[in-house]
Amino acid sequence: MALAVMAVVLSLAYPNLPSLEILTDYRPKIPLRVYTADGYLMGEFGEERRAVVSIDEVPAIMKQAILAAEDERFYQHGGVDTLGILRALYANVVGGGKRQGASTITQQVAKNFFLSSEKTYTRKLYEALLSFKIEHNLSKDQILELYINQIFLGQRAYGFAAAAQTYFGKPLAELTIAEAAMLAGLPKAPSADNPIARPKRARLRQQYVLRRMNELKFITDEQYEAAVDQQLVIKREASEKPIHAEYVSEMARQIAAERFPEDVYTRGLRVFTTILKDDQEAAYASVRKGVLDYDRRHGYRGAEAYVDLGAIKSEQDEALEELLQDLHDAEDLHPAIVLQADSRKIRAYRRGGEIVTLSGDGLKFAARMIDDKAPANKRLRRGAIIRIQGDEDKGWRIVQLPEVEAAFLAADPRDGAIRALIGGFDYNRSKFNHTTQAWRQPGSSFKPFIYSAALERGFTPASVVNDEPISFPATVTGSQAWEPKNYDGKYEGPMRIRRALARSKNMVSIRLLQASGVRFVQDYVTRFGFDAEKHPPYLTMALGAGSVTPWQLVAGYAVFANGGYLVRPYIVSQIQDDKKQVLAQAAPTTAGDERLRVIDPRNAYLMDSMLRDVTIYGTGARASATLKRRDLAGKTGTTNDYVDAWFCGYQQTVVGCSWIGYDQPRNLGKGETGGSAALPTWIGYMGKALQGVPESFLPTPDGIVSVAIPNHGKGPALELFYKENAPAEMEPEPPVDDSIPAQD
């Protein structure tokens with residue numbers, strides 16, 4: 001009678017089971033992924049981390065580990081393992097409680113795709129019926145492939161391929177037996193018992209899987225012993241990325257989301273940027289070094305914060321870990337809690353339970369804050385939060401999180417493709433992208449555009465302009481009376497404008513702007529991509545008192561680098577779907593297209609010549625001296641009161657812009673000019689980007705001639721002119737005083 005009732009139930013229920021189309025036309029939620037131009041993954045966005053693989057791509061050891069952990073008779077049963085059920089019932093009865101389950105891999109596929117997690121007999125019946133239907137319609141390998149790609153394994157990782165990257169930072173094919181066993185043990189309790197959340201529990205589960213693999217003869221005794229002894233290296237930060245490009249990834253995400261808003265995070269879009277991996281890493285390292293060097297020059301500020309250690313019972317108290325949980329590591333600047341401090345050593349608790357001792361050179365940077373005379377709210381004492389850098393081998397030292405910000409942007413001047421972009425010191429601290437969002441005064445880095453306008457108005461590099469103090473009434477400046485000064489307060493009298501640009505003479509720039517006409521220059525700078533309204537038509541424009549972004553400056557300097565063409569910087573080259581079909585393609589503008597010409601090629605050539613002098617004997621001379629090249633061109637920039645420091649420059653194949661300053665504008669410190677604070681970052685990047693790149697120079701355009709200039713007994717020098725305004729011969733250059741260093 002019972003069998004008859006069961007048959008009726010099955011005959012009524014089976015036809016009403018859901019269609020298997022979701023399995024036969026498997027379309028998992030694949031995250032949006034962002035890549036460099038050379039194919040390296042930079043970032044991914046989506047609720048589910050997933051990397052879909054075919055069953056043929058799964059190594060045998062991974063399949064065996066899964067079968068040993070979840071369903072050893074998978075290839076023998078028909079969807080429901082009767083022997084497994086009986087074995088589980090026996091264990092549960094003998095054990096006095098529900099201790100074993102008997103769900104097969106097929107049943108887990110049925111549950112994951114079609115059913116809820118409720119534990120009822122009705123749900124279990126439907127699970128069994130669905131399992132039979134799945135087995136009837138799909139091969140065993142197809143079912144196993146679905147399981148391998150769909151199962152949740154903790155840390156937002158769905159599928160074993162994603163889990164291999166999440167926990168071990170490697171593809172499935174490179175997993176060891178021990179690592180495969182660790183992953184195979186995750187389905188039982190992926191959120192709670194993964195090796196990041198509960199390493200001890202995960203280790204016990206892994207040992208069980210290894211033991212089962214050995215019992216099933218999947219691995220030998222020797223392999224088993226070796227796997228048990230292997231020390232696994234777990235990626236502690238699930239969000240860790242191989243390339244430091246968080247600002248780039250976010251820009252790419254926004255572009256993709258704007259274009260494909262409906263399913264941008266689930267359809268497996270692949271966004272290819274113009275970023276080059278080596279360039280990006282070089283820019284990141286250089287910005288980081290520049291900021292940390294600046295920060296160290298200005299001394300240690302004291303404890304980052306304080307925590308109450310009154311209830312701490314031991315140096316391994318779990319509460320210490322909780323006190324650090326909201327403090328992120330800024331790369332290698334690790335937060336730590338001071339447990340003991342005196343003038344000779346500091347003992348501190350670091351995340352993970354490590355007790356670190358700092359002494360000797362490791363304390364020098366913070367020495368004055370260990371002294372009893374240090375301010376009470378900054379002194380390093382028990383409970384102080386500090387930052388440490390180093391390791392056990394090289395030793396630990398005290399550092400601090402910089403307060404200053406920085407940005408760096410590099411592009412190909414021939415088409416505007418962005419090669420590297422660093423939007424700030426630490427993305428986790430501030431997601432504000434300084435390369436595109438920060439409107440800052442450019443200071444003297446804006447002078448080349450004033451000089452280019454002056455050339456357009458008939459000036460030449462040999463024109464002599466007076467470098468002497470000047471003052472203006474409020475009616476001229478638009479606000480109040482103005483008595484500008486040179487950076488160093490020193491003046492050289494009459495001088496050629498080539499030298500004036502190299503040495504960043506404010507008085508000459510102001511007189512050039514005045515002679516060229518402020519309205520003309522305001523309109524002229526828009527040719528380079530600047531906004532006229534951001535540069536009011538007053539003489540302060542000569543000193544870079546307007547507002548720009550690094551993105552705009554890179555585009556502007558690219559005009560000089562490529563011979564006079566305005567190319568638009570861009571960062572996304574292509575968007576593909578999960579089948580690698582192109583959905584969107586960039587159409588960059590390219591130098592050489594005369595429709596893009598914005599300045600006379602002769603103007604660009606003369607400006608390039610003068611900007612190279614800046615890097616040879618002017619305010620940026622450190623560039624050519626360090627990199628041992630004469631094809632570098634650029635300009636330093638320092639705003640009033642040392643608020644912003646810049647260096648923007650180029651070589652024929654790459655243009656870059658470096659900026660450093662505070663988000664809330666304030667003085668960077670005396671002597672923190674573009675040449676000292678921003679230029680080192682530019683040099684650091686260019687040193688890597690130009691390795692193996694031969695020197696190159698703009699070709700001389702038609703209509704340029706050179707004329708010899710008597711040069712104070714040093715022999716004649718050549719100056720460049722437009723053919724129509726070249727003199728037959730030149731007067732000697734005005735006397736120069738090279739004892740005054742060029743600074744800005």
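Predicted model: local features only at pLDDT ≥ 70, side-chain atom pairs only at ≥ 80, totals over all residues.
Residues are numbered from 1 along each chain as its sequence is written, and side-chain values use heavy atoms, with hydrogens and water left out.

I begin with the aromatic rings. Rings of Phe, Tyr and Trp (its six-membered ring) pair if their centres lie within 6.5 Å; planes under 30 degrees apart count as stacked, over 60 as edge-to-face and the rest as tilted. The count by this rule is 21 aromatic pairs. In one of them, Phe446 and Phe530, the ring centres are 5.2 Å apart and the planes stand at 70°, so this pair is edge-to-face. Phe446 sits in the loop between strand E13 (418-422) and helix H16 (447-456), and Phe530 in the loop between helix H20 (518-524) and helix H21 (550-561), 84 residues apart. Helices (H or I, at least four residues) and strands (E, at least two) are DSSP runs, numbered from the N terminus. Both Phe446 and Phe530 are buried, where buried means under 20% relative accessible area, exposed over 50%, and partly exposed in between (1.4 Å probe, protein chains only).

A second pair joins Phe449 and Phe560: with centres 5.5 Å apart and planes at 20°, the rings are stacked. Because Phe449 lies in helix H16 and Phe560 in helix H21, this pair ties together parts that are 111 residues apart in sequence. Phe449 is buried, with a relative accessible area of 0%, and Phe560 is also buried, at 0%.

Next, the nonpolar cores. A nonpolar core is a set of buried Ala, Val, Leu, Ile, Met, Phe, Trp, Tyr and Cys residues joined through side-chain atoms within 4.5 Å. The largest has 86 residues, and those with the most contacts inside it are Leu421, Phe449, Leu553 and Ile571. H21 gives the most to this core, with eight residues. Apart from this core lies another, of 54 residues, among them Val109, Ile143, Leu144 and Met182.

Met182 is also one of the buried residues of H9. Which part of helix H9 (residues 177-184) is buried? Eight of its eight residues are, so the helix is largely enclosed by the rest of the structure. The buried residues of H9 pack against helix H3 (60-70), helix H8 (160-168), helix H10 (199-215) and helix H11 (221-229), with contact meaning heavy atoms within 4.5 Å.

Finally, I turn to the backbone. Phi of Gln155 is near 55°, a positive value in a residue other than glycine. Gln155 is placed in the loop between helix H7 (140-150) and strand E4 (157-158), and is partly exposed, with a relative accessible area of 25%. Lys217, likewise a residue other than glycine, has a positive phi near 65°. Lys217 is found in the loop between H10 and H11 and counts as exposed, at 72% relative accessibility.
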